[in-house]
Amino acid sequence: MLDALALPFFQRALVAGLLASVACGIVGTFVVVKRMASISGGLSHAAFGGVGLGYLLGFDPMLGAAGFALLSGAAMGIAYRRFRSSMDTLIAIAWSVGMALGILFVSLTPGYAPDLMSYLFGSILFVPPLFVAIAAALDVLIVVSVVLLFKEFRAVAFDEDFAQVMGVPVGPVLHLLLALVALAVVTLIRVVGVILVIALLTIPAAMARQWASGLQRMMLLAIAIGALCTTSGLFLAYGLSTRFDLQIPTGPLVILIAVLLYAVSSSLHAARGRAR
Amino acid sequence: MSEAGADPGGLRRGAESVPAIDVRNVSLSFRGMAVLEDVSFSVEPGEFVGIIGPNGGGKSVLLKVILGLLKPDRGSVLIFGRPPDHSGGALAYVPQYPPFDPRFPIRVMDVVMLGRLGGQRLFQRVSDEDRARALEAMREVQVEHLAEREIGKLSGGQLQRVLIARGLATDARVLLLDEPTASLDSAVVGSFYELLERLSKQMTIVLVSHDLSVMSKHVRSVACLNRRLHYHHSREITREMVEETYGCPVDFVIHRHSHVVLEDHTQGAPR
């Protein structure tokens, strides 16, 4: 199975998976500790509206996805600050409106929409070289932001009220955090698709929290777990395809592997808790 | 600045006479329910004020308004003559309940260091002085041995003391505390109030508590807060309660819909 490593497309897929893991580990950690899972789900589904617009107007759908994710992130940031109590409803609206617009735009697009499934469920094995470069750039942006503003991000994620009293610009920090979630969504769309992004933003980080103390270690462990899931998913998809001639998309495999690991991790964690 | 009234922020007076906290005609309601109505009072620098009142009387809400976390519907709040969100780190507070997820992966030391954020600019690294101040604050409430522990592994009383240390680690000139001793052992409570008395020589302290005996022993003046006009009978109860507890006449400043007492009886209260 290691012969796959010699194939350029497989190498690219591997690199794309690792780059996505960096984004999902760092941003996912904040998503989990700040309980933003549904916000991130809303953002990724809103991004599908941008994918559809890309098809309709003939530009790269990933560009549309990035634009829609960032815009809806900004809108949700404002909504979160203004009407916290009804946040749940607003997320549901962004979530479904994004999908509705995407489907509407695609149906208006003349002719057949190739590749649409790859945005819904990911298609990492056929990732174009340009995307690898984009994912790398987004990773750099995410890492630099979090390294520079770690104290502020942690303060706001932990206790917004106290951070505000201490003079931390809570609003801008929250907006930046949502923008980072939007960017992470973009790097993950190619790997698992808009529908499954929420899983990679939550499962590796939630697993990491069971074993790591401190946000930094949690991030590193979540990156490692994300890398393990995407890499093993890739090899599994490749193996199924070459050995058994089964064409199974990688995205769902990555998610199922992640859930399996999470179940094992949770039971080990619970067992350790009982042993004490 | 017009909403601050005739003398906006005391700017025309000498700097030493600007009140630490100046609350004027503050009203606030949630979904049509009045929580604070026309509340006015001011706290001079160096005062140690207690706020008492029935549950749901708006005490915690008033603290949040003073902190700038809630905007009043009407009226104004000035901290040393400036709005709370521009008070330049003059404020710190100790919340009643931990407002965060107790499973958040963060060590005690890092929680207390949040109190040092005010003096720091964005991107700036933590200095040795910040660390020293955080350790000193932890020593004051005897949690320095827990510095490396995750907050999820603390007892309720330990966590409350960590929150107090976080408030003490700040450079604030005004410290607001909301029922800070609610989950503390009685053994710790005594030394905690001694600590507050010591601190009150250097800073302004506002303490919300329902523990009237504690109030009478340590606080230098007291305010009684009940938000609503239809509670005339409860005002009477509160009045008797207060007078009985403090053993001295307490003047009620009664506003139309609420009553706020702020009567300095430094002479009467034991120091």
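**View 1. A three-stranded open sheet in chain B.** Strands of chain B line up here as β2-β1-β4 in an open, antiparallel sheet of 3 strands; strands are DSSP runs of E, at least two residues long, and helices are runs of H or I with at least four, numbered from the N terminus. Pairing takes at least two DSSP bridges between the strands. At the edges sit β2 (33-43) and β4 (74-79) of chain B, each pairing on one side only. This is a predicted model: local features need pLDDT of at least 70 and side-chain atom pairs 80 or more, while totals for chains, interfaces and linings use all residues. Residues are numbered from 1 along each chain as its sequence is written, with chains lettered from A and ligands numbered from 1 in the order written.

**View 2. Zooming in on β1 and β4 of chain B.** Strand β1 (residues 21-30) runs antiparallel to β4(B), joined by 5 bridges. One pair to look for is B:Arg24 with its bridge partner B:Ser76.

**View 3. Strand β7 of chain B under cover.** All 5 of the 5 residues in β7 (204-208) are buried, that is, 20 or more other C-beta atoms, placed from the backbone, lie within 10 Å of their own. B:Thr204, B:Val206 and B:Val208 point one way, B:Ile205 and B:Leu207 the other. In a regular strand, side chains alternate between the two sheet faces.

**View 4. The parallel partners of β7(B).** Strand β3 (residues 48-52) of chain B pairs with β7(B) in parallel over 4 bridges, with B:Val49 partnering B:Val206. Strand β6 (residues 174-178) of chain B is also parallel to β7(B), over 5 bridges, and B:Asp178 partners B:Val208.

Terms used. Buried ≥ 20, exposed ≤ 12 C-beta atoms within 10 Å, placed from the backbone.
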